Amino acid sequence: MSRPIEQALTSLIPRHPGSLPPELIELASSLLAQSRSKISNLRSDEEIGRTYACANLACERLKIALNLPTIEPRPPCPPKVYKKLYNHLDQLLTSTSSRRRPKSNQATPVKALPQKQTPVKEKSLEGFRSNRTPKRALKFGSNKKETLPKWVGHAIRKVCVEFEAGKAVPHVWAGVESVKFLPCPKDAVEGKGRGMKQNEMMEGKLPGLVATVFLFVFAALESKNTSAKELFEDKKRLLAVLKGLKDDDGVLKKVWEEEEWEGWNMEGMTLKKWVAEIDEWIEVIIGNQWLEMEWRTNIVDGSGASGKAEGNEDLENDKESDEESEKVSERMRRTGLGTMMQAKFDYLSDEKREAYAIWKKGMLARLDDLAADNMDTTEG
């Protein structure tokens, strides 16, 4: 089973008890294979949400047949981008079951069913509610969609302007949202569900998470080695940008309510404490397998970070205002997180590409066999 598919399905139906239904996994994998066959040239901000959208489609199409719990989407890309991608895939992709049609030309007579009065909704639910055992509400599965504070988007753009990394914006946003709201990948693999208390763990440390995710994304896009001294200088630059966010008139015009600054907590932040916070986040992200999620695996290593960010029109305006106040550093863009970037996280190495090609060939062959079996069953 594909781990990204499993993670996407788990985040979509977090209230589902036990293991995921095989039919759901099979349909999600089939839709993903179809999408890659029919649409191979998605934009970078759309590619981030491909697997998640296919898993979402599978849940929607099988929610009645499998009696799935409430579907709670939290896409790894901007909402507008995801909605457009989801609708496009919904129209383009077909389920295996939808292609099954009897070949008989004779119409099957339908016996009229006796009419029965439809019960009132409240009355029909009365028995269920009276026997239902109250359960403690799950914060992750609440009807109210959790969102990042408004300052986070401006912080990400400011950081990317400082490092001339416009293309990093959607990846950083997806990474911060994934770590903040999605179940811990390590816990999901070990069958512990949402065992990691992310909200408690990152209380007062959201700026450090933004900075750390940026370092990982920037390292992947630029694909260069960075010395410990250069990494320390990058942390200093990040501290200066985030610490000065509330002093930026342009940002204050857009984020002026105090509640929109929830989790900022940068006043009085020292360099020593800041460096320790980022190092802690690096250890947490690597140790809990956050780098194995789509926000990181969908980045094409070495593709470059400079350029206009897709879906982030405000970036160019931010860059112009920043260039008026100070010159962007002439030091070459550096990346890499030293020895933290281990070989096992190099998902685009020649060995990993070859292994993926073999897996893809086998999966497509399996899908063809399943389709042939279904056709034989229908004809029989």
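Trainee: Is Arg 50 buried or exposed?
Mentor: This is a predicted model, in which local features need pLDDT of at least 70 and side-chain atom pairs count only at pLDDT 80 or more, while totals for chains, interfaces and linings use all residues. Residues are numbered from 1 along each chain as its sequence is written, and side-chain values use heavy atoms, with hydrogens and water left out. Relative accessible area under 20% is termed buried, over 50% exposed and in between partly exposed (1.4 Å probe, protein chains only). Arg 50 has a relative accessible area of 3%, so Arg 50 is buried.

Trainee: In which helix is the place of Arg 50?
Mentor: Helices are DSSP runs of H or I with at least four residues, numbered from the N terminus. Arg 50 belongs to residues 50–62, which form helix H4.

Trainee: How far apart are the end C-alpha atoms of helix H2?
Mentor: The expected span of a helix is 1.5 Å times one less than its number of residues. Helix H2 (residues 22–38) has 17 residues and should therefore span 24 Å. The model agrees, as the end C-alpha atoms of H2 are apart by 24 Å.

Trainee: Is the pair of Tyr 82 and Tyr 86 stacked, edge-to-face or tilted?
Mentor: Rings of Phe, Tyr and Trp (its six-membered ring) pair if their centres lie within 6.5 Å; planes under 30 degrees apart count as stacked, over 60 as edge-to-face and the rest as tilted. Tyr 82 and Tyr 86 are four residues apart in helix H5 (residues 79–92), and so are separated by about one helical turn. Their ring centres are 6.1 Å apart and their planes lie at 35°, so the pair is tilted.

Trainee: Which helix has the lowest mean pLDDT among the elements of the chain?
Mentor: pLDDT is the predictor's confidence in each residue, from 0 to 100. The mean pLDDT of the chain is 75, and pLDDT stays under 50 over residues 311–342. Where pLDDT is low, the predicted coordinates should not be read in detail. H11 has the highest mean pLDDT, 93, whereas the lowest, 42, is that of helix H16.

Note on methods. Helices (H or I, at least four residues) and strands (E, at least two) are DSSP runs, numbered from the N terminus. Contact means heavy atoms within 4.5 Å.
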